[in-house]
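Here are my notes on the model you sent over. Have the structure open as you read, and check each point against it.

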Amino acid sequence: VKTMQPDTWSLRYTNPVSARAEEWLLRMVLDDSEFLALAQVYIKPEMFSSPFLGKVYKNALEMLNAGHEPSFASCLESLEPDEINHITKVFSNPIGPGRTEEALFGLIDKIKEEHEINDSSKDVIERTKYLIERKQG
C-alpha cells in the first residue's frame, strides 16, 4: 500500500518507507496500549522520520506514562490543523488484520533500520557496516 503524502508541503515525508511504518505503528499502539507499552522500550519519538508523527507518538507515551489510556483524539491536542488533517486521513483508511506482536516488531525493526540508515551522526563506514550486518543476520 502506497504511503499517502501530506497535502501540506512542509509536512511531506522525506523517508516514505519509514513514514509508512510510523503510520502503521501509530495505528496499532493507539488501538492497544499494551502494544504502546511494548513499543516504547524499542522506539523513541526522535527516531521517527516525520516530526509530526513523532509528536503523536510522544503524546501517546506521555499519556501512557501518566497512567492514562491514550486515544487518537487525545494525541492530536498539540498538532497544527494541517497535521490533524493528514493524520485523520491516515486513520480513516481501514487497517488489516495484522495486529499481532509479530507485526508490531516488524514495524519497530523497519523504523529502527531507517533511523540508523538516515542518522546523520553516523559516518559512511558505520552505516555500510550496519547494512551488511543487517542483511546477513
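The numbered points below go from the overall fold to single residues.

1. **What kind of model this is.** This is a predicted model, in which local features need pLDDT of at least 70 and side-chain atom pairs count only at pLDDT 80 or more, while totals for chains, interfaces and linings use all residues. Residues are numbered from 1 along each chain as its sequence is written, and side-chain values use heavy atoms, with hydrogens and water left out.

2. **Overall make-up.** The chain has 6 helices and 0 strands, in the order α-α-α-α-α-α from the N terminus. Helices (H or I, at least four residues) and strands (E, at least two) are DSSP runs, numbered from the N terminus. Of the 137 residues in the chain, 39% are buried. Here buried means under 20% relative accessible area, exposed means over 50%, and partly exposed is in between (1.4 Å probe, protein chains only). Taking contacts between residues at least 6 apart in sequence, 64% join residues at least 24 apart; a contact means heavy atoms within 4.5 Å.

3. In soluble globular proteins, nonpolar side chains tend to be buried together. The largest nonpolar core in this model has 33 residues, and those with the most contacts inside it are Leu25, Leu26, Val29, Leu53, Tyr57 and Ile87. The elements giving two or more residues to this core are α1 (16-31), α2 (33-42), α3 (51-65), α4 (81-92) and α5 (101-118). Of these, α3 gives the most, with 8 residues. By definition, a nonpolar core is a set of buried Ala, Val, Leu, Ile, Met, Phe, Trp, Tyr and Cys residues joined through side-chain atoms within 4.5 Å.

4. **Tyr57 in the core.** Which residues does tyrosine 57 contact, leaving aside its neighbours within four places in sequence? They are Leu25, Leu26, Leu36, Ala39, Gln40, Ile43, Lys44, Pro45 and Phe48. Two of them, Leu25 and Leu26, are also listed with Tyr57 among the core residues with the most contacts.

5. **One face of α4.** Helix α4 has 12 residues and reaches 16 Å from its first C-alpha to its last, close to the 16 Å expected at 1.5 Å a residue. That expected span is 1.5 Å times one less than the number of residues. The buried residues of α4 are Glu83, His86, Ile87, Val90 and Phe91. They cover an arc of only 135 degrees around the axis, so they are on the same side of α4; the arc is that of the directions from the helix axis to the C-beta atoms. Pro81 and Ser92 are exposed on the other side of α4. What covers the buried residues of α4 includes α1 and α3.

6. **Salt bridges.** Side chains of opposite charge can pair when their charged atoms come close. Counting a side-chain nitrogen of Lys or Arg within 4 Å of a carboxyl oxygen of Asp or Glu as a salt bridge, the model has 5 salt bridges. One joins glutamate 23 and arginine 20 (3.2 Å, N to O). Both residues lie in helix α1, 3 residues apart, about one turn of the helix, and both are buried.

7. **A bridge between α3 and α4.** Lysine 55 and glutamate 83 form a salt bridge through their side chains (3.2 Å, N to O). This pair links distant parts of the chain, with lysine 55 in helix α3 and glutamate 83 in helix α4, 28 residues apart. Lysine 55 is partly exposed at 27% relative accessible area, whereas glutamate 83 is buried at 8%.

8. **A bridge between α5 and α6.** The side chains of glutamate 113 and arginine 134 also meet in a salt bridge (3.5 Å, N to O). Glutamate 113 is in helix α5 and arginine 134 in helix α6 (residues 124-136), 21 residues apart, and the pair links distant parts of the chain. Glutamate 113 is buried, with a relative accessible area of 16%, and arginine 134 is partly exposed, with 37%. Lys110, Glu113, Glu114 and Arg134 are linked in a network of salt bridges.

9. **Two serines worth a look.** Serine 18 is in helix α1 and counts as buried at 1% relative accessibility. Its side chain is joined to that of glutamate 22 by a polar contact of 2.6 Å. Serine 74 lies in the loop between α3 and α4, is buried at 16% relative accessibility, and has a side-chain polar contact of 2.9 Å with serine 71. A polar contact is a pair of N or O atoms within 3.5 Å; within protein, one must be able to donate a hydrogen and the other to accept it, and residues adjacent in sequence count only if both atoms are side-chain atoms.
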